[in-house]
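Dear colleague,

Please find below the structure for your review.

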Amino acid sequence: MKFKMIKKLKTIVTCVLLLCVVGLGAQPLKQDAAVRTGKLKNGMTYYIRHNAKEPGLADFYIAQRVGSILEEPRQRGLAHFLEHMAFNGTKHFPGKGKQLGIVPWCETIGVKFGVNLNAYTSIDQTVYNISAVPLKREGIADSCLLILNDWSHYLLLEDKEIDKERGVIHEEWRTRRAGKAISRLMEQAMPKIYQGTKYEDCLPIGSMDIVDNFPYNDLRDYYHKWYRPDLQAIIVVGDVDVDKMEKKIKKLFSAIPMPKNAAPREYFPVNDNDTMIVDIERDKEQPVVLCHLYQKRDATPDNEKNNVKYLRDEYVDWLVCMMLNERLTEKKLKAVPPFQSATVHTSSFFVSRTKDAFSLTVSCQEDKVLSGLVVAMGVVEQARQHGFMASELERAKLLKLNHDERKWRERDDRRNSKYVSACLQNFLAGEPLISIDDQLALTRQFDKEVTLEEINEACKQLITDKNQVLVMYAPEKEGLVLPTEQQIRDVLQAAQDLQYAPHYEQPLTTDLATYLAPFIPQKGSIVSERPYKHGFTELTLSNGMKVYTKKTDYSADAVMFKMKAEGGTSQYPDADIPNFSLLGSAITEAGLGNFDATELRRMLAGKSVRVQPSVGTRSQSISGGVALKDMPTLFQLVHLYFTQPRRDTTAYQGLVNRTRAFLTNRNASPKVDYNDSIRAIVYGHHPRLEPFKQETLEKVNYDRILEIYRDRFSDASNFEAVIIGNYDEQQLRELVCEYLATLPSTHKGEKTNWANVAKMVKGDFARTFKKKMATPLANVSIIYAADVPFTPQSDLELDFLTRVLKIAYTDSIREEKGGTYGVSVAFDLDKDDSPNATLRIAYNADPNRYEELNPLVYEQLQHIAKNGPAASSMQKIKEYLVKQYQQNAITNDYWSYIIWHELEDDADFDTGYCDMVRQMTSEQVQRMAQRILDAHQRIEVTMLSE
Ligand SMILES: [Zn+2]
């Protein structure tokens with residue numbers, strides 16, 4: 001009791017301190033001048049911004065401050081239902097399947113449904129978008145505005161279209177719940193943690209009983225009550241003339257009437273609680289014990305956010321969470337880890353707009369639930385009692401500053417979606433809309449002003465023992481005894497009452513460059529160079545390694561790196577299979593050279609660099625990305641991962657223990673079993689594709705892992721490296737000579753051992769099996785394979801086939817039959833596989849409709865093989881692919897994809913691509929479909945619920 005009084009006293013002191021800060025920081029923020037905003041007489045808000053990073057493209061949005069929280073009990077699920085109906089008939093786009101519908105019209109101009117044309121409904125907001133619109137003619141922008149206009153006020157909501165959509169939503173519900181214990185658990189938890197408030201039952205998916213049966217007018221009532229100008233904003237960002245766009249918006253949207261006596265838009269409160277609310281939820285398919293501890297506080301009202309103080313508070317809270325997360329990660333890496341993982345963050349409380357929370361998330365080992373919670377709580381409480389060290393704060397500040405500086409350097413490379421999301425945040429959540437210049441200036445100011453004392457004081461405000469809610473999601477299984485609610489309350493209270501010793505960390509004694517210098521006595525060299533295809537330069541190094549470089553300015557402050565060689569785990573006998581699964585993490589969790597993982601992380605504070613080694617079946621690689629100022633660090637890390645993987649038995653023991661705990665309930669979710677079964681059936685139980693189980697874990701040998709890893713990275717001459725980005729030519733050459741040309745080489749010329757690579761079994765058959773599931777479901781996967789010529793033309797034909805099938809499935813199985821939320825279709829063309837082409841069709845459905853729907857899935861492919869795809873589908877795909885090419889061709893990722901195809905497959909996937917797209921004929925796609933069917937290589941794997 002005494003302890004708590006001291007706490008209160010401190011609270012008062014801090015309030016006085018905080019008042020001073022309020023006085024200083026309450027000055028309002030200047031809105032980003034590049035965004036034109038305004039409000040029409042009817043109350044509608046608009047945002048317009050010019051951005052030509054992607055020339056000729058623009059995004060059109062309508063955002064609404066409404067969502068499922070506003071539904072009456074008899075309307076549960078209708079806010080989301082309404083969102084679907086926006087695509088099924090409006091005043092100016094009355095059709096759906098017909099040419100006059102929104103979806104077909106958008107697709108004729110290359111705006112793809114589900115990718116560029118989409119919407120979402122959440123508890124407090126509903127947002128629709130038409131994105132990456134090619135503004136080829138004036139009329140296109142007008143039509144997009146007309147669609148937004150129709151969404152705002154002119155939906156048709158016809159009886160028969162409503163009836164058709166019921167099945168789609170029901171299947172969306174099934175897809176979202178089936179195999180996803182967490183969504184069921186959340187739904188169960190809400191009535192308890194929000195008891196007595198509107199949030200008790202508010203998730204957008206709603207009630208299926210209502211979705212299946214509601215009277216039409218319940219939907220129309222919601223639409224007319226809540227879709228109205230004072231709660232709506234139009235957002236247009238892209239290659240547009242702002243003045244002209246503003247005129248168009250004013251003219252079109254001013255005509256929308258604002259209803260008289262409109263219902264007030266209420267934001268519903270959340271109760272406070274004295275005693276900790278503890279809610280334990282269990283589900284048979286939940287694999288881990290996951291705990292969320294929330295310490296609630298009132299959210300800042302929207303009208304108090306547009307000032308310096310608000311951003312400064314956010315900055316401080318961010319630093320506190322960052323430093324706590326570092327300490328929690330360090331705890332996780334112990335030989336006997338107290339928990340699987342633990343993190344903190346600040347955000348809204350669960351899903352509510354009116355309450356925020358500091359939250360601690362702990363993934364516990366199921367035999368150590370209480371002790372895991374206690375350790376994690378101890379880390380948080382220790383920081384509240386003693387604050388942080390100066391070195392910790394310095395690192396956290398560097399991280400934030402570095403992040404914002406890099407964002408500023410890349411300010412001209414921002415895609416439309418980034419600007420849109422800032423406008424959305426402003427309209428929907430009252431977040432300040434400031435320029436990148438101002439944002440960086442403020443971060444620099446905070447970086448200078450904010451002291452350790454202020455941070456430590458803020459930490460005491462953020463972390464409290466008041467107003468707490470703990471939600472636990474646990475497996476439902478025999479023999480698992482979970483703590484009681486009271487036990488949880490008691491141990492957490494005890495952990496909060498305990499006095500902790502202050503945290504201490506060893507100061508760093510060296511940096512990477514200094515450490516590495518003695519190991520590189522002499523630089524290597526570039527022995528020859530020549531221009532290569534697609535604007536790359538090929539450098540041959542003195543150790544035999546080849547490097548391909550391309551300087552680009554698509555991203556002002558980014559360089560991407562990848563080096564790769566044939567070999568992989570195919571080099572080792574089956575006896576080594578258990579060692580393969582931990583190969584990656586055993587290396588990365590052990591640190592590098594002389595430094596353990598924690599030291600290494602500290603050394604990299606304030607740097608934007610990411611390097612990751614990986615050993616696959618056929619090859620091994622090191623890949624990464626970096627900001628320009630950290631180029632040397634990237635190369636130092638690459639050199640170290642090649643030459644000095646570290647042996648760390650503590651880290652390894654910790655990894656084994658966490659993996660063992662993870663594997664305990666690996667198969668809780670039926671999805672995991674399903675994926676295991678697909679692999680086993682398609683590859684004939686190939687030993688290298690068997691699932692990793694606890695028994696396998698006991699056979700893993702750490703020394704052997706290190707041996708394999710060192711062997712994989714012993715011959716630099718076998719590697720090719722690709723470096724793309726806005727690097728400095730001279731610096732790059734020096735770094736290449738110092739850190740890549742000095743890597744050891746054995747000149748063995750190793751190749752992948754194909755005898756050890758799994759192949760698909762031959763045959764044309766289906767396997768069906770049953771399994772108990774919490775939500776009844778049919779999981780269906782159909783895999784076709786065939787040998788086709790390995791050419792860019794075949795690749796494109798497969799791409800077209802995939803897309804025409806998707807359109808056909810959306811029309812038939814989703815829209816006509818209301819049988820599924822979606823059918824996914826994907827293809828793969830791999831030079832070295834035999835057969836080399838695969839087509840994979842997958843969907844979920846009501847198990848009672850499997851017999852009815854499944855033949856339709858096959859029929860669509862047969863139909864295309866017999867009659868060819870519809871000309872209209874071909875045209876839609878062409879428009880989309882040409883547009884997508886223009887978007888892709890200005891990214892480093894695209895050129896990486898192109899160069900690796902050149903290097904590994906000797907194939908040019910870029911030159912003439914758009915011509916090839918335009919010239920693609922229905923007959924070519926039809927022949928590809930025939931080829932796939934004629935191969936008679938098909939495996940269907942279906943899992944039905946019992
Ligand atoms: Zn939906």
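Why does His84 count as buried? His84 has 7% relative accessibility, and therefore counts as buried (buried means under 20% relative accessible area, exposed over 50%, partly exposed in between, with a 1.4 Å probe and protein chains only). Glu172 counts as buried because its relative accessibility is 2%.

Please note that this is a predicted model, in which local features need pLDDT of at least 70 and side-chain atom pairs count only at pLDDT 80 or more, while totals for chains, interfaces and linings use all residues. Residues are numbered from 1 along each chain as its sequence is written, and side-chain values use heavy atoms, with hydrogens and water left out.

Zinc site

The zinc ion has as protein donors His80 (NE2), His84 (NE2), Glu172 (OE) and Glu172 (OE), at 2.1 to 2.5 Å from it. Donors are N, O and S atoms within 2.8 Å of the metal (3.2 Å for Na, K and Ca); water is not among the atoms, so sites may look incomplete. Along the chain, the donors of the zinc ion have the spacing H-x3-H-x87-E. Distant parts of the chain are linked by the pair of His84 in helix H2 (residues 78-85) and Glu172 in helix H5 (residues 159-177), which are 88 residues apart. Helices (H or I, at least four residues) and strands (E, at least two) are DSSP runs, numbered from the N terminus.

The arrangement is irregular because the 4 donor atoms around the zinc ion subtend angles of 56 to 143°. Four donors count as tetrahedral if all angles lie between 85 and 135 degrees; four count as square planar and six as octahedral if opposite donors are over 155 degrees apart and all others between 65 and 115; anything else is irregular.

Second largest pocket

A pocket is an open set of points on a 1 Å grid over the protein atoms alone, with protein on both sides within 12 Å along at least five of seven lines; a cavity is a set where a 1.4 Å probe fits but cannot get out, and lining residues have an atom within 4 Å of a point. The second largest pocket is lined by 44 residues, and Thr617, Arg679, Tyr683, Leu689 and Ala758 lie nearest its centre. Helix H23 (670-682) is among the elements that each supply at least two lining residues, and H23 gives the most, with 4 residues.

Cavities

Among the residues lining the largest cavity are Glu566, Arg712 and Lys748. The second largest cavity has a lining that includes Arg679, His685 and Leu689.

Kind regards
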